[in-house]
Amino acid sequence: MPRAKKSEEKEINIEESFKRLEEITALLEKPDTKLKEAMELYTEGVKLADSCKKTLEGVEKEIKILSEDE
């Protein structure tokens with residue numbers, strides 16, 4: 001049971017991360033975004049993208065393990 005909860009937490013976090021990445025993209029596309037703010041948003045976006053990548057890689061490993069067990 002804890003495994004399912006952990007997967008649900010990852011799913012929620014990745015969904016929230018993707019939503020925030022969309023927000024960041026929209027803010028970066030605005031012409032009135034100041035350079036300092038743009039750099040901060042970009043840095044946040046890179047960190048979120050890296051986090052999402054790691055989460056997806058972890059899920060992919062779990063799927064491979066489960067597939068091998070069958």
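Student: Okay, how many salt bridges does a search of the whole structure find?
Tutor: The search finds three salt bridges. Keep in mind that this is a predicted model.

Student: Which residue forms a salt bridge with glutamate 23?
Tutor: That is arginine 20, and the closest N and O atoms of the pair are 3.2 Å apart. Both residues lie in helix H1, three residues apart, or about one turn of the helix.

Student: And what does glutamate 44 meet in a salt bridge?
Tutor: Arginine 20 again: the two side chains meet with 2.8 Å from N to O. This pair links distant parts of the chain, with arginine 20 in helix H1 and glutamate 44 in helix H2, 24 residues apart. Arg20, Glu23 and Glu44 are therefore linked in a network of salt bridges.

Student: Is arginine 20 buried or partly exposed?
Tutor: Arginine 20 counts as partly exposed, because its relative accessibility is 25% and the buried class ends under 20%. Glutamate 44 is partly exposed too, at 30%, and glutamate 23 has a relative accessible area of 36%, so it is also partly exposed.

Student: Switching topic: how many helices and strands does the chain have?
Tutor: Two helices and zero strands.

Student: Which residues make up the largest nonpolar core?
Tutor: There are six: Ile14, Leu21, Ile24, Leu41, Leu48 and Cys52. Helix H1 (2-29) and helix H2 (35-69) are the elements that give two or more residues to this core.

Student: What does leucine 21 touch?
Tutor: Leaving out residues up to four places away in sequence, leucine 21 touches Gly45, Leu48, Ala49 and Cys52.

Student: How much of the chain counts as buried?
Tutor: Of its 70 residues, 16% count as buried. The chain exposes about 6100 Å², and carbon and sulfur atoms supply 57% of that area.

Student: Last one: where is the place of methionine 39?
Tutor: Methionine 39 is in helix H2. Its relative accessible area is 48%, so methionine 39 is partly exposed. The C-alpha atoms of methionine 39 and leucine 28 are separated by 9.1 Å, and the two residues are 11 residues apart along the chain.

Notes: Residues are numbered from 1 along each chain as its sequence is written. This is a predicted model: local features need pLDDT of at least 70, side-chain atom pairs count only at pLDDT 80 or more; totals for chains, interfaces and linings use all residues. Side-chain values use heavy atoms; hydrogens and water are left out. A nonpolar core is a set of buried Ala, Val, Leu, Ile, Met, Phe, Trp, Tyr and Cys residues joined through side-chain atoms within 4.5 Å. Buried means under 20% relative accessible area, exposed over 50%, partly exposed in between (1.4 Å probe, protein chains only). Helices (H or I, at least four residues) and strands (E, at least two) are DSSP runs, numbered from the N terminus. Contact means heavy atoms within 4.5 Å. Accessible areas come from the Shrake-Rupley method with a 1.4 Å probe; for residues, only the protein chains shown count as cover. A salt bridge is a side-chain nitrogen of Lys or Arg within 4 Å of a carboxyl oxygen of Asp or Glu.
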